[in-house]
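Please keep the structure in view as we go.

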Amino acid sequence: MLDKLLPYLQIFIPLSVILLFIAQFLEKRKNETRQAAPPRRIGERSASSRRPTRSFPPAPVNAGVNTTNPRCPNKRHAYIRAPRRPQSDPSAAARFGIPALMNRGDVAKWLGMSWKHLVWLCNLFHNWDRKGVGHYHAWKVPKRAGGERVITAPKPYLRAVQRKILADILSRIPIEPQAHGFARNRSTVTNASVHIQRPIVVKLDLVDFFPTITYRRVRGVFGTLGYSEEVSGVLARLCTIAPTDMLPLANDLRRSLLLRRRHLPQGAPTSPALSNLVCRRMDRRLAGLCAKFNAVYTRYADDLTFSGDEKFAAALGDFFDIACRIIALEGFRINWAKRRIMRKGARQLVTGVVVNRRTTLPRGERRHLRALLHHWRTKGDFTAPPHVENKVAWLGGKLAYFSMIDPAKGAPMLAQFKALARGR
């Protein structure tokens, strides 16, 4: 029995001696430190237990986009940081043609409401965010690829305020030419027509696009328009949703934590325009990167599309490394499950539009629309999805969209629909 334990004892005894020496050394160092330290008063914290003070770098002279994060000096900002203005700049308001709002009282007067009503509307001084007093209706809708999407629509009184902010301020600020979503005279067709007859088309999708745009980033957008911190904070609160208990959260922990920050609501009138303004710097940086790789870039909301020639296809790995770094520095995350690399031998689909030779709908959708018209013409009726209330209007909208994308094939089918609708 002793012979079997002897190998283990030969290892255990030296190890125990080494650990004993280490414990004695640490105890000796601890006693020396106590003797060298000056006596402290009761309740006073030691220097080692005090929280170190943080020294922030000075603000840059050229205000606008700050590349230094004061919380992490070695990292870069993931949001547009507005210059710290104690007062609004009337010259900036005149340059953009937007209202000159100097303080919170001017905001209340411009919106045509009392100061108390404005305080209640944007939860300015009271901690109503945690009491479940929300100004939004929230619900979940299923996604096409699985999962759920949280939709938050403002209630009527807040919706009217947001529409006024959109009409008088946000709609007058120019956006980048690469942004085709939620912009006047731009659509999915203009977004897709840039990538017609390209040897290679690359699509990227951003994860949680609207929840990623937080209150601080929205406040920075209003600050770049010349508004003071006081006014920018009020406008940003009117355009973002508070993390109330009424907000339904997703099942995963990361998305639940993301939705518990004040962010852009998906369903508010101001959210699309603010998202385009927040992404201005990212659009410029990605467009400059594409110019170096002989490629073109467009963005429709959270769908990023790149296309180029054979030179771009050969350097696709280097392009991905730099593009992903830019997107990460701008505070967004890529959904790698939705990344698509489409070459000219396969179907190239951009925001639901085929761009191999010209803009058109996918073949399956064209055949489905043609079959619906045939059933209506021969049998006098056709089948629509269960959630559709007015199936004639639904089919008319589908054919009008097809006619806008591909007039050569869509216009005759739209004419047949109008003839059948008149004879109904």
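Predicted model: local features only at pLDDT ≥ 70, side-chain atom pairs only at ≥ 80, totals over all residues.

On the surface, a patch of positive charge is formed where Arg357, Arg363, Arg367, Arg370 and Lys409 gather. By patch I mean a set of residues with over 30% relative accessible area and no salt bridge, in which like charges are joined within 9 Å and nonpolar side chains (Val, Leu, Ile, Met, Phe, Trp, Tyr) within 5 Å. A salt bridge, in turn, is a side-chain nitrogen of Lys or Arg within 4 Å of a carboxyl oxygen of Asp or Glu. Lys and Arg count as positive and Asp and Glu as negative, with His and the chain ends not counted, and the charge is placed at NZ of Lys, CZ of Arg, CG of Asp or CD of Glu. Accessible areas come from the Shrake-Rupley method with a 1.4 Å probe, and for residues only the protein chains shown count as cover.

Residues are numbered from 1 along each chain as its sequence is written, and side-chain values use heavy atoms, leaving out hydrogens and water.

Which helix gives the most to the positive patch? That is helix H15 (residues 363–379), with three residues; helices (H or I, at least four residues) and strands (E, at least two) are DSSP runs, numbered from the N terminus. Lysine 409, for its part, sits in helix H17 (residues 407–422), and is partly exposed because its relative accessible area is 35%, where buried means under 20%, exposed over 50%, and partly exposed in between (1.4 Å probe, protein chains only).

There is also a nonpolar surface patch of about 600 Å², made by Leu15, Ile18, Leu19, Ile22, Phe25 and Leu26. Leucine 26 belongs to helix H1 (residues 2–36) and, at a relative accessible area of 53%, is exposed.

Let me now turn to the interior. Eight of the eleven residues of helix H9 (residues 229–239) are buried, so H9 is largely enclosed by the rest of the structure. Its cover includes helix H3 (104–111), strand E1 (136–142), helix H5 (156–168) and helix H11 (271–278), where contact means heavy atoms within 4.5 Å.

In the loop between helix H10 (253–259) and H11 we find threonine 270, buried at 0% relative accessibility. Leaving aside neighbours within four places in sequence, threonine 270 is in contact with Gln162, Ile165, Leu166, Leu170 and Cys239.

For the chain overall, there are 17 helices and eight strands, and buried residues make up 42% of the 424 residues. Of the contacts with a separation of 6 or more, 65% come from residues 24 or more positions apart.
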